[in-house]
Amino acid sequence: MPEENEQEIALQSCDTFVVLPPSSSKGCIIFGKNSDRPAEEVQEIIYVNAKDHEAGAKVQCTYIEIDQVDHTYAVILSKPAWMWGAEMGANEHGVCIGNEAVYTKLNGPDDENEKLLGMDLVRLGLERASTSRQAVKIIGALLEQHGQGGRCSDTNPSLIYHNSFLIADRKEAWVLETAGSLWAAECIVDGIRNISNCLSIGTKIDLMCDNLKEQAQAKGLWDPSKGDLDFAKVFGENNENARHRYNCGKELLLKLSASGEFDTLAMFKVLRDSESGICRGKDHERPTASSQVSVLSSLDSSRPCCHWFTGTPDTRHSVFKPFVFCSNARISPHIISPVFPSDEDPAKVKPRFQKTVDRRHNLYKYHEKAYSLMTSDSPKGKELKNTMLRLEASCIEEMEQFLDGYSVENSKDAEDLFKDLVESEMKFYK
């Protein structure tokens with residue numbers, strides 16, 4: 001397992017947020033996440049269609065093969081290009097999931113054994129769940145059956161951790177936190193909630209694994225005579241960096257949602273906050289690799305959900321591009337990483353770690369060239385950054401009008417929406 005200083009670096013990682021009515025605008029639920037990953041790791045955006053599967057089918061996750069279900073839903077995912085799982089994403093039913101690395105009192109040598117990664121659980125939950133509550137139960141069951149474990153980086157063998165999840169749909173949100181194969185979940189029906197790289201569920205536990213209390217007591221971590229089980233206190237390890245970001249994120253959400261008008265731009269602002277460490281540049285050991293904001297319309301609304309992704313590092317110098325699920329949704333090949341033989345053959349999974357391949361997709365390469373200019377103080381750099389932000393702001397305004405007037409007749413206009421904007425962004429970088 002990592003030494004203490006390595007663990008501290010590893011925990012300088014992601015943050016996930018959700019804002020629900022009455023704090024949000026137009027009765028929407030707004031989900032946001034920054035994915036902070038090891039330097040130079042490439043994150044791609046992929047779209048996977050819904051699919052029926054034959055009886056007895058299997059699915060190869062990052063390390064292990066498990067039983068497939070009869071039907072998987074359409075998903076859009078932001079994922080490290082070397083692994084099967086995803087850091088975050090959404091499905092056709094408006095379910096969104098993001099995960100965080102956490103270290104707990106149950107971390108140990110067994111975590112090095114290859115099982116399901118937290119990122120695999122994100123993707124499996126999205127592919128199989130039509131509600132956030134269902135996703136909690138699916139992830140919990142998979143965790144109990146297969147466990148979590150294996151290295152979580154293709155460059156750093158010490159990056160191994162347990163996971164927490166923030167799951168949202170058009171009705172409510174859930175925080176699901178784990179310690180080994182044990183888990184607890186809290187339901188959120190209004191206001192704000194965020195998670196970082198520390199356990200945050202206290203005594204409000206709305207769902208949990210069957211043996212949670214028995215295991216906590218058997219491991220000598222909880223004495224029921226001294227009060228209700230507090231999941232974070234019983235299983236959590238202290239991490240000041242994560243706690244600081246967690247508190248900063250909470251304060252930002254409270255401040256920006258005080259008027260009850262928290263919207264898409266407000267979540268962009270949260271994810272671009274650098275003072276708190278929520279957003280980090282490419283020079284950091286754990287830079288922000290990609291970001292997602294999803295605006296989930298209420299169940300009684302005819303507006304479709306809208307999902308915004310960057311697919312490039314450093315949210316402050318990246319552009320959010322919208323995606324709407326529709327019958328013939330397409331995604332640009334320019335934001336998908338090249339595939340190598342070791343990615344396709346489970347028997348060759350180890351060569352993924354040899355760092356001999358270039359996983360940069362075309363948008364990543366174009367953004368990389370423009371990044372040094374945009375982060376400089378040069379007039380040309382400032383002009384390029386301002387141009388990109390104006391493009392994004394204009395896109396938000398146009399999307400609001402489009403979503404307000406959305407119907408089956410104009411759904412075709414959403415088919416190439418994300419694709420076209422990726423390609424437009426690349427033209428600005430030339």
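Lys250 has its place in helix α6, helices here being DSSP runs of H or I with at least four residues, numbered from the N terminus. This is a predicted model, where local features need pLDDT of at least 70, side-chain atom pairs count only at pLDDT 80 or more, and totals for chains, interfaces and linings use all residues. Residues are numbered from 1 along each chain as its sequence is written, and side-chain values use heavy atoms, with hydrogens and water left out.

Lys250 is partly exposed because its relative accessibility comes to 37%; buried means under 20% relative accessible area, exposed over 50%, and partly exposed in between, with a 1.4 Å probe and protein chains only. Setting aside residues up to four places away in sequence, Lys250 touches Ile192 and Asn194 (contact means heavy atoms within 4.5 Å). Lys250 and Ile192 sit 58 residues apart along the chain, with 7.8 Å between their C-alpha atoms.

His244 is also found in α6, which covers residues 240–257. With a relative accessible area of 42%, His244 is partly exposed. From His244 to Lys26 there are 218 residues in sequence and 31 Å in space, C-alpha to C-alpha.

## How confident is the model?

The mean pLDDT of the protein is 93, and 94% of its residues reach 70 or more; pLDDT is the predictor's confidence in each residue, from 0 to 100. Residues 1–10 are another story: pLDDT stays under 50 there, and the model has 19 contacts beyond four places in sequence for this stretch.

## Helix α2, tucked away

Helix α2 (residues 118–128) is largely enclosed by the rest of the structure, because 11 of its 11 residues are buried. Among them are Gly118, Asp120, Arg123, Glu127 and Arg128.

Take Gly125, which lies in α2. Gly125 counts as buried, at 0% relative accessibility. Beyond its neighbours within four places in sequence, Gly125 is in contact with Ile97, Ala135 and Ile139. Gly125 and Leu142 are 17 residues apart in sequence and 9.3 Å apart in space, C-alpha to C-alpha.

The partner to look at is helix α3 (residues 132–146), which packs with α2 at an angle of about 135°, their axes 9 Å apart. Axes are lines fitted to C-alpha atoms, for helices over the stretch in contact, and angles run from 0 to 180 degrees between N-to-C directions. The two helices, α2 and α3, are therefore oblique to each other; angles under 35 degrees count as roughly parallel, over 145 as roughly antiparallel, 65 to 115 as roughly perpendicular, and the rest as oblique. Leu121, Leu124, Gly125 and Arg128 of α2 make the contact with Gln134, Ala135, Ile138, Ile139, Leu142 and Leu143 of α3.

The largest nonpolar core has 120 residues, and Ile97, Ile167, Phe231, Phe235, Trp308 and Met399 have the most contacts inside it. Such a core is a set of buried Ala, Val, Leu, Ile, Met, Phe, Trp, Tyr and Cys residues joined through side-chain atoms within 4.5 Å. Ile167, leaving out neighbours within four places in sequence, has contacts including Val95, Ile97, Ala135, Ile139 and Trp174.

Helices α10 and α11 (residues 417–429) pack at an angle of about 160°, with their axes 11 Å apart. That makes α10 roughly antiparallel to α11. Where they meet, α10 brings Leu384, Thr387, Met388, Leu391, Cys395 and Met399, while α11 brings Leu417, Leu421, Glu425, Phe428 and Tyr429.
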